[in-house]
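Notebook open, model loaded. I'm jotting down a few local features as I look them up.

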Amino acid sequence: MRQLYIGGSWTASASDEPIEVVNPATEDVIDHVPAGTPDDVEAAVAAAGRAFPEWSRTPAAERGRLLAEAAELLRQRSHDMAKTIATDMGAPLGFALKVQTLTPAAVLASYAELAGSHPRESRVGNSLIVKEPVGVVAAITPWNYPLHQVVCKVAPALAASCTVVLKPSEVAPLAAYALAEIFDEVGLPPGVFNLVSGRGPVVGEAMAAHPGVDMVSFTGSTAAGRRVAALAAETVKRVALELGGKSANLILPDADLPLAVKTGVANCFVNAGQTCSAWTRMLVQRDQYDEAVGLAVELARGYRVGDPFDESTKIGPLVSATQRDRVTRYINRGQEEGARLVAGGTERPHERGYYVEPTVFAAVEPGMTIEQEEIFGPVLSLIPYFDEDDAVKIANGTPYGLAGAVWAGTDERALDVARRLRTGQVAVNGGRFNPMAPFGGYKQSGLGRELGEHGLEEYLEIKSLQL
């Protein structure tokens, strides 16, 4: 069984209980990590607290150097890291390399630069405004992007001069362990970064409630985010939450319909649909609706579901049996409520592995469960609308506001509609994801932002000095 990383060394957990790490493509147990305890959290927070004073005074150039070396090591080991993610999380290998590994390496490198370039002082009248690290940060991360979500929290926290206690998801923890090895190898000072594996109700809650933690940054479900926020409120610590989504892909009548549908289907099904910002609702004007449904069905049937290490695979398994069963329940619920299943369904495509066929629903109406709730699987809902105002109302009509897309004949028209959407990110006519732009949501999609300068600002306190 693996160990925890506390105070600059690999340390046995206070518990001898192992958590099995399962390959979702084969259902085989491939590793074990400790089921950490509140005592382990206590030790990690204490180590982070001891390390904070010196780390907070470490010159920006030194912090940047360490992060840059870590980013370079991650790039050098990218193929091995991608294999790890493909094995314990199920992402197709090519996607695991390009998106799940090399993108986090680029994000880590960006914070190596921002560690020194982001301004920490300004003047307002007779006041000097300074920005200082918030302190000890508890980072609680999910399994769907098991390296990227870690880097999105740990990199800006370290760049801001904070120290960190990380709890990766116990479902797919191996990439976080590999990153801890990199931090150890580059010589990050003891206690600056700590890793405690374990279950959310035990380790995660102990971290969120700990009085020695100054900030908790959480990515996961909205329900779990509410619990984290409630626990953190007891000690009035800062909270950043990146939660669920039910993003709309709004296609206006003058848009390139085949391109919009093709891109939208790909976005919905990427990572087997296990993406909080996935465009899971496709909104199409009623006159074009049947054509869009036909295009989506044809595309969905072309997605090969299978082994993550097979180059022809487009959709790997869901991460666990629990997640597969959850998605299956939603597919059944959609049919029960009157949506029309036009592709995919609940039949298992392989005897072993937690696979779900790419699924498309037509005749989806606003208010249906599959239109309102985050499914977190390869399930697309096509929703007809009457006019632009109706489309915007439907797009804004869920509790979430994380991402979305607008397609139109011109960027100007698409931008006009994009400004009306109550969501944190909108792709305009297929605009690419930008890892330097702020990422985060409105409403129940969370609090705060990740990535770029806005992500760094989350880990800084503001002080004014009157002269």
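Predicted model: local features only at pLDDT ≥ 70, side-chain atom pairs only at ≥ 80, totals over all residues.

Ser320 first: I looked up its accessibility and got 18%, so it goes down as buried (buried is under 20% relative accessible area, exposed over 50%, partly exposed in between, with a 1.4 Å probe and protein chains only). Ser320 sits in the loop between helix H10 (289-300) and helix H11 (321-336). Its side chain reaches the backbone nitrogen of Gln323 at 3.1 Å.

I number residues from 1 along each chain as its sequence is written, and side-chain values use heavy atoms, with hydrogens and water left out.

Ala272 has phi near 55°. I find Ala272 in the loop between helix H9 (257-269) and strand E13 (281-285); helices (H or I, at least four residues) and strands (E, at least two) are DSSP runs, numbered from the N terminus. Is Ala272 buried or exposed? Its relative accessibility is 3%, so I write down buried.

Ala363 also turned up, with a positive phi of about 55° although it is not a glycine. Ala363 lies in the loop between strand E15 (359-362) and helix H12 (369-372). I have Ala363 as partly exposed, at a relative accessible area of 29%.

Then a helix pair. The axes of helix H7 (residues 200-209) and helix H8 (residues 222-233) come within 7 Å and cross at roughly 40°. Axes are lines fitted to C-alpha atoms, for helices over the stretch in contact, and angles run from 0 to 180 degrees between N-to-C directions. That makes H7 oblique to H8 (under 35 degrees is roughly parallel, over 145 roughly antiparallel, 65 to 115 roughly perpendicular, the rest oblique). Which residues make the contact? I list Glu205, Ala208 and Ala209 of H7, with Arg227, Val228, Leu231 and Ala232 of H8 (contact means heavy atoms within 4.5 Å).

Last, a sheet. I see an open sheet of three strands in the order E5-E6-E22, with antiparallel pairing; two strands pair if DSSP finds at least two bridges between them. Strand E5 (121-124) and strand E22 (460-466) are the edge strands, each pairing on one side only. The twist averages 25° from one strand to the next. E5 and strand E6 (residues 127-133) pair over four bridges, and I find Arg123 opposite Leu128 in E6.

Notes. Polar contact = N/O pair within 3.5 Å; in protein donor to acceptor, adjacent residues only side chain to side chain.
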